[in-house]
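Please keep the sequence and the model in view as you go through the turns.

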Amino acid sequence: ILALFSVFFTYKEYVLKRRPLALSEILFEIVDEKWYFSILLINKGNLPAIIKITKALLKIGDEEYPTIFHQEIILSPNEKQKIAPIGNINQVGRNKIIGHEYRANRVEIILDIDSKSLGDKKYKHKTNISYGVDVTGNAPIFTVIEEKMT
């Protein structure tokens with residue numbers, strides 16, 4: 001029985017070490033009082049991974065702005081890669097949020113990221129991340145609202 005438990009835990013540890021850990025960070029640029037947001041993908045796993053963004057949604061108040069990504073990205077361990085922008089917010093949008101003109105007066109960025117190891121045929125791992133963006137200052141402040149890895 002002890003040997004079976006040892007084999008089981010060793011296999012679980014092996015699978016976890018091979019798992020591609022796809023994480024993201026939100027980058028921003030301020031140009032002419034517009035805040036432009038883009039995604040930085042990071043592979044925190046021990047092996048190269050193929051990563052695909054299946055959902056990128058920028059919510060400004062009650063309005064939703066989806067961005068569609070069709071490319072797959074190969075990242076080696078601990079590699080970071082900036083990909084296309086996911087949207088922007090201008091001064092009018094920030095003033096509407098601060099002035100409570102929407103039903104939901106917040107800015108959120110929602111990302112769904114699928115990942116797989118190089119030899120896999122299907123995407124086995126999914127990362128769901130929701131960021132809150134504080135727009136009351138001179139620069140955005142990002143907070144993680146929810147993060148789930150399966």
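Predicted model: local features only at pLDDT ≥ 70, side-chain atom pairs only at ≥ 80, totals over all residues.

**Reading strands and sheets**

Q: How many bridges join β1 and β2?

A: Two strands count as paired if DSSP finds at least two bridges between them, and strands themselves are DSSP runs (E, at least two residues), just as helices are runs of H or I with at least four residues, numbered from the N terminus. In this model β1 and β2, the latter covering residues 34-43, pair in the antiparallel sense over 10 bridges.

Q: What is the order of the strands in the open sheet that holds them?

A: The three strands of this open sheet follow the order β1-β2-β6, with antiparallel pairing. The edge strands, which each pair on one side only, are β1 (22-31) and β6 (80-89).

Q: Which strands does β3 pair with?

A: Strand β3, residues 49-60, pairs in the antiparallel sense with β5 (residues 73-75) over three bridges, where Ile51 stands opposite Ile73. It also pairs with β7 (residues 107-117), again antiparallel, over 11 bridges, and there Leu57 stands opposite Ile110. Five bridges join β3 to the antiparallel strand β4 (residues 63-67), with Leu58 opposite Tyr65. In the hairpin of β3 and β4, two residues lie between the strands, and Gly61 takes a positive phi near 65 degrees.

Q: How many helices and strands does the whole chain have?

A: The chain has two helices and nine strands, and from the N terminus on its elements run α-β-β-β-β-β-β-α-β-β-β. Its radius of gyration, taken over C-alpha atoms, is 19 Å, well over the 15 Å that the globule rule (2.2 Å times the number of residues to the power 0.38) gives for 150 residues, so the chain is more spread out than a compact globule.

Q: What share of the residues counts as buried?

A: A residue is called buried when its relative accessible area is under 20%, exposed when over 50%, and partly exposed in between, using a 1.4 Å probe and protein chains only. Of the 150 residues of the chain, 36% count as buried.

Definitions and conventions: Residues numbered from 1 in each chain as written. Heavy atoms only, no water.
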